[in-house]
Amino acid sequence: MALSRFAWAFSQPGRYLEGPYESPGIEIEDGRDDLEEVLRHLPTGARADLGRLVERIDAEFERRTLPNPGWVSEWTAGRWWWWRLRER
């Protein structure tokens with residue numbers, strides 16, 4: 001599910017990222033949270049494989065968003081992908 005959210009969002013034109021329409025209220029940042037949790041529990045080889053894919057996802061997400069200059073909550077403190085703003 002998490003990977004399909006990214007695949008769908010990154011296939012859309014432009015810089016602005018939105019989640020799939022069939023999942024209102026679910027942000028692609030939620031999918032990145034899911035991937036982070038999975039990475040923590042995988043064996044070494046699988047973690048390396050998924051880690052390479054997550055690196056590509058992160059690079060694309062960072063390319064399409066801007067840093068948030070404002071206050072960041074404690075909840076998002078360890079998750080840089082929640083600190084990004086989408087640009088229209």
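Colleague: Leaving aside its neighbours within four places in sequence, with which residues is Glu29 in contact?

Modeller: In this predicted model, Glu29 is in contact with Phe61, Trp81, Trp82 and Arg86, once neighbours within four places in sequence are set aside. Glu29 itself belongs to helix H2.

Colleague: Why does Glu29 count as buried?

Modeller: The relative accessibility of Glu29 is 5%. Buried means under 20%, so Glu29 counts as buried.

Colleague: What makes Leu35 buried?

Modeller: Leu35 has a relative accessible area of 5%, and the limit for buried is under 20%; Leu35 is therefore buried. Leu35 is found in helix H2, which covers residues 28-41. Its C-alpha atom is separated by 8.6 Å from that of Leu50, 15 residues apart along the chain.

Colleague: How many cavities of 30 Å³ or more does a search of the whole structure find?

Modeller: The search finds one, and the volume of the largest cavity is about 40 Å³. The elements giving two or more residues to its lining are H2 and helix H3 (44-63).

Colleague: Which residues line the largest cavity?

Modeller: The lining is made up of Phe6, Ile28, Glu29, Arg32, Ile57, Asp58, Phe61, Trp80 and Trp81. By class, these residues divide into six nonpolar, no polar and three charged.

Colleague: Why is the pair of Trp75 and Trp82 edge-to-face?

Modeller: A search of the whole structure finds three aromatic pairs. For Trp75 and Trp82, the ring centres are 5.2 Å apart and the planes are at 65°. Centres within 6.5 Å make a pair, and planes over 60 degrees apart count as edge-to-face; the pair is therefore edge-to-face.

Colleague: Why is the pair of Trp80 and Trp81 edge-to-face?

Modeller: The centres of these rings are 6.0 Å apart, and the planes stand at 80°. Because the angle for edge-to-face is over 60 degrees, the pair of Trp80 and Trp81 is edge-to-face. Ring pairs also link Phe61, Trp80 and Trp81 into a cluster.

Colleague: Is Trp81 buried or exposed, and why?

Modeller: Trp81 has a relative accessible area of 4%, and buried means under 20%, so Trp81 is buried.

Colleague: Which residue lies over the face of Trp81, and which over the face of Trp75?

Modeller: Arg32 lies over the face of Trp81, at 4.0 Å from the ring centre. Over the face of Trp75 lies Arg79, at 4.0 Å from that ring centre.

Note on methods
Residues are numbered from 1 along each chain as its sequence is written. This is a predicted model: local features need pLDDT of at least 70, side-chain atom pairs count only at pLDDT 80 or more; totals for chains, interfaces and linings use all residues. Side-chain values use heavy atoms; hydrogens and water are left out. Helices (H or I, at least four residues) and strands (E, at least two) are DSSP runs, numbered from the N terminus. Buried means under 20% relative accessible area, exposed over 50%, partly exposed in between (1.4 Å probe, protein chains only). Contact means heavy atoms within 4.5 Å. On a 1 Å grid over the protein atoms alone, a cavity is a set of points where a 1.4 Å probe fits but cannot get out, and a pocket is an open set with protein on both sides within 12 Å along at least five of seven lines; lining residues have an atom within 4 Å of a point. Grid points are joined across faces, edges and corners, and a volume is the space filled by probe spheres set on the points. Ala, Val, Leu, Ile, Met, Phe, Trp, Tyr, Cys and Pro count as nonpolar, Asp, Glu, Lys and Arg as charged, and the others, Gly among them, as polar. Rings of Phe, Tyr and Trp (its six-membered ring) pair if their centres lie within 6.5 Å; planes under 30 degrees apart count as stacked, over 60 as edge-to-face and the rest as tilted. A charge sits over a ring if NZ of Lys or CZ of Arg is within 6 Å of the ring centre and within 35 degrees of the ring normal.
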